[in-house]
Amino acid sequence: MQRRAFLKSLSALPIVAYLPSLVSAQQLADQKLLILIQFGGGNDSLNMCVPYTNDAYYDARGNLAISAQETIPLTLDIGLNPVMSTLLEAWDSADLGVIQGLGYPDPNRSHFRSIEIWQTASDADEYAHLGWLNQLLPESDFPLQGVMISGSPATLSGEPNQFSLNSNDTQTLVAIPDGTAATSAVQHILNQRHIYNSAVELLNDAFEQDIVLSTEFAGDGFSQDCKLVAEVLAAGVRPHVLHLSLGSFDTHSNQRAPHDNLLEQLASGLSALRSELQALGLWQQVTIATYSEFGRRVAANGSNGTDHGTAASHLVMGGSIKGGVYGQSPSLTNLDNGDLIFTQDFRDYYRTLADWMQWSPSDEIKEFANLGFLHES
């Protein structure tokens, strides 16, 4: 692996501090890792986790529906989109879970507002400024808390110890000259520069290693992001949280082909990442969880697509997952103005992830319930 740049944006420098943690082999084996995947634009989970025995789905979707014959059955009621067949091994090993009906009261159908609600774990009428992980991440002797491979950094907003990486960037990580200043405000900026330079030095040292992965990753952008995750971990850089994104899932017209393509990338990237993390001996310490601002409406629109909806199913994957389907599937006929009515608050989902990471619950999620899809350890 070349010591090439994984910096997503130097423009983030004034608002985040950067200091990576290179940990020992024992710490690497013991520390848990949460990998969040953002479905940008609002994923149509009904065409991902298909209710293939429900006539209401076929009545509402018409030609956009995934036929029962195509669907890969997971249970008697739910099946996978056929382009996601590479995830079957994880399902058969009880490493994959489906969490149904996630949403929140008084849903907002704006991309910008709803993702803000999800990323701050706030109520629909509350305007919070800190990411939901900011209040959860513990103080650590290894200060790197989060690595943004791709997507919006708002889940970690307010957390100083995060670093942005990008697998498509080819420039070398470059240090910025240090200095001193007469005023405290300017000195603060220079201190952040010093922390950044420490990060550059340590990351460059880490990525000078000859890292050879045992798994082949596909060439699409998401699979290459998953490969970068594997390389980061193989290099000994170990944050608490990694964040990736995939999209856009904003499929208002001619949905089937682009949506299938995104789901195929998702399945390919995650199955390869699972294989590599198993080879690295890290799979038991990793949980992968998807999220999005909303799902899509039940009925197809007049353009062979779907419009902004509310509740949606999400996927969890990892060596500590209790495989299966969790939560109640929302009714496809008892709707709120054409939209699914959520059956599980998304903050229950977050509480479950936080409990597994052994983080003390923050005010935003402490009143919510553990959904039980993770083995305690």
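**Exercise 1. Asp-250 and its partner**

Decide whether Asp-250 is buried, partly exposed or exposed in this predicted model, then describe its salt bridge with Arg-296.

Solution. 
- Start with accessibility. Asp-250 has a relative accessibility of 28%. Buried needs under 20%, and exposed needs over 50%. Asp-250 therefore counts as partly exposed.
- Turn to the partner. Arg-296 has a relative accessibility of 2%, so Arg-296 counts as buried.
- Check the pair. The side chains of Asp-250 and Arg-296 meet in a salt bridge, at 3.1 Å from N to O.
- Asp-250 sits in the loop between β8 (241-247) and α7, and Arg-296 in the loop between β9 (286-291) and β10 (312-318), so the pair ties together parts that are 46 residues apart in sequence.

**Exercise 2. Salt bridges within a helix and beyond**

How many salt bridges does the model have, and where do Arg-256 and Asp-260 lie?

Solution. 
- Take the total. The count comes to 13 salt bridges.
- Side chains of opposite charge can pair when their charged atoms come close.
- Apply it. Arg-256 and Asp-260 form a salt bridge, and their closest N and O atoms are 2.7 Å apart.
- Locate them. Both residues lie in helix α7, 4 residues apart, about one turn of the helix.
- Link this to helix geometry. An α-helix has 3.6 residues a turn, so residues three or four places apart point the same way.
- Compare accessibility with the cut-off. Arg-256, at 25%, counts as partly exposed. Asp-260, at 12%, counts as buried.
- Glu-70 joins Arg-256 and Asp-260 in a network of salt bridges.
- Lys-366 and Asp-363 form a salt bridge, with closest N and O atoms 3.2 Å apart. Lys-366 is partly exposed at 43%, and Asp-363 is exposed at 61%.

**Exercise 3. The length of α7**

What span should helix α7 have, and what is the distance between its end C-alpha atoms?

Solution. 
- Count the residues. Helix α7 runs over residues 256-279, which makes 24 residues.
- Work out the expectation. The rule is 1.5 Å times one less than the number of residues. The helix should therefore span 34 Å.
- Compare. The end C-alpha atoms are 35 Å apart, which agrees.
- Look past the end. Gly-281 follows α7 and has a positive phi, near 75°.

**Exercise 4. The setting of Asp-44**

Where is Asp-44 placed, and which residues does it touch?

Solution. 
- Find the position. Asp-44 is in the loop between β1 (33-40) and β2 (49-50).
- Check the surface. The relative accessible area of Asp-44 is 0%, so this residue is buried.
- List the neighbours. Leaving out residues up to four places away in sequence, Asp-44 touches Arg-61, Gln-255, His-259, Arg-296 and Thr-306.

**Exercise 5. The enclosed helix**

How many residues of helix α8 are buried, and what covers them?

Solution. 
- Count. In α8 (residues 346-356), 11 of the 11 residues are buried, so the helix is largely enclosed by the rest of the structure.
- Name some. Among them are Phe-346, Tyr-350, Leu-353 and Trp-356.
- Find the cover. It includes β1, β5, α4 (111-120), β9, β10 and β12 (344-345).
- Follow one contact. Trp-356 is one of the residues touched by Ser-320. Ser-320 lies in the loop between β10 and β11 (324-326). With a relative accessible area of 6%, Ser-320 is buried.
- Step past the helix. Just after α8, Gln-358 takes a positive phi of about 65°.

Note on methods: Residues are numbered from 1 along each chain as its sequence is written. This is a predicted model: local features need pLDDT of at least 70, side-chain atom pairs count only at pLDDT 80 or more; totals for chains, interfaces and linings use all residues. Side-chain values use heavy atoms; hydrogens and water are left out. Helices (H or I, at least four residues) and strands (E, at least two) are DSSP runs, numbered from the N terminus. Buried means under 20% relative accessible area, exposed over 50%, partly exposed in between (1.4 Å probe, protein chains only). Contact means heavy atoms within 4.5 Å. A salt bridge is a side-chain nitrogen of Lys or Arg within 4 Å of a carboxyl oxygen of Asp or Glu.
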